[in-house]
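Colleague: I have a few questions about the terms you use. Can we take them in turn?

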Amino acid sequence: MAVDAGADILGLVGHMPSGPGIISDGLAAEIAAWVPESMETFLLTSETTVAGILAHHRRVNSTALQLVDELIDGHLSDIKAALPEVKLVQVIHVINQYSVQQAQQVAQYVDALLLDSGNPNAVIKELGGTGRVHNWQLSKDIVDSVDLPVYLAGGLNHSNVSKAVAQVKPHGLDLCSSVRTHHALDVEKLSEFINQVKSMTVN
Ligand SMILES: O=C(O)c1ccccc1NCC(=O)[C@H](O)[C@H](O)COP(=O)(O)O
């Protein structure tokens, strides 16, 4: 459905402490092997050690790794050295001014940033798929201060996407909750969103 709708990238959500989009590693691997070669697959991993992240990648074999949490053991450069052909995308949960510093600190070690609205400090960590919008001014400050592609996520839907793009000017958009019904991707909601984005590029 997402390929037909014109998505450029598929996000394959691995094991997470919470969220509506989680799938098994087996299914993620099947999808990663099936997609057209021109399409990127981002494996979303909540692993926080280099060994755990590399093992997760071996199970799925995606074109990119989207790290939804902070590393607690090892360094991003260790992952890059082990998997030079795999893009590294670090998620920054945009909460306050510290998030801008965090983005600037990791920018040199990754291929892209993705700005989302999770709360890694919650009792049950929220690492994405929240459906919540964050402070887009902070996101804009990040876009303006790093020299990397930056994706915007967090509560995007067909009625707020124009404003989000105008304010933040991201490289790309990532969304989950607003195009689902009862947790499953909804073709009508997806088309409504894509049509809105297409109308923005035409106008
Ligand atoms: O979808 C999930 O369950 C999920 C859980 C934890 C991390 C990421 C998750 N989804 C993938 C994404 O990157 C979402 O597209 C992103 O967080 C935006 O979600 P939403 O605010 O619901 O549009």
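Modeller: Start with pairing: two strands pair if DSSP finds at least two bridges between them. In β3, L65 is the bridge partner of L43. Keep in mind that this is a predicted model.

Colleague: What makes β2 and β3 a pair?

Modeller: The cut-off is at least two bridges. Strand β2 (residues 40-45) and strand β3 (residues 64-67) have four bridges, in the parallel sense. Therefore they count as a pair.

Colleague: How do you know that β4 and β5 pair?

Modeller: Use the cut-off of at least two bridges again. Strand β4 (residues 87-93) and β5 share five bridges, so they pair, in the parallel sense. For H93, the bridge partner in β5 is D116.

Colleague: Why are β1 and β7 called edges?

Modeller: Seven strands form an open sheet, in the order β1-β2-β3-β4-β5-β6-β7. β1 (9-13) and β7 (172-173) each have a single partner strand, so one side of each has no neighbour in the sheet.

Colleague: What makes β5 mostly covered?

Modeller: A residue is buried if 20 or more other C-beta atoms lie within 10 Å of its own. In strand β5 (residues 112-116), four of the five residues are buried.

Conventions: Residues numbered from 1 in each chain as written. Predicted model: local features only at pLDDT ≥ 70, side-chain atom pairs only at ≥ 80, totals over all residues. Buried ≥ 20, exposed ≤ 12 C-beta atoms within 10 Å, placed from the backbone. Helix = DSSP H or I, 4+ residues; strand = E, 2+ residues; numbered from the N terminus.
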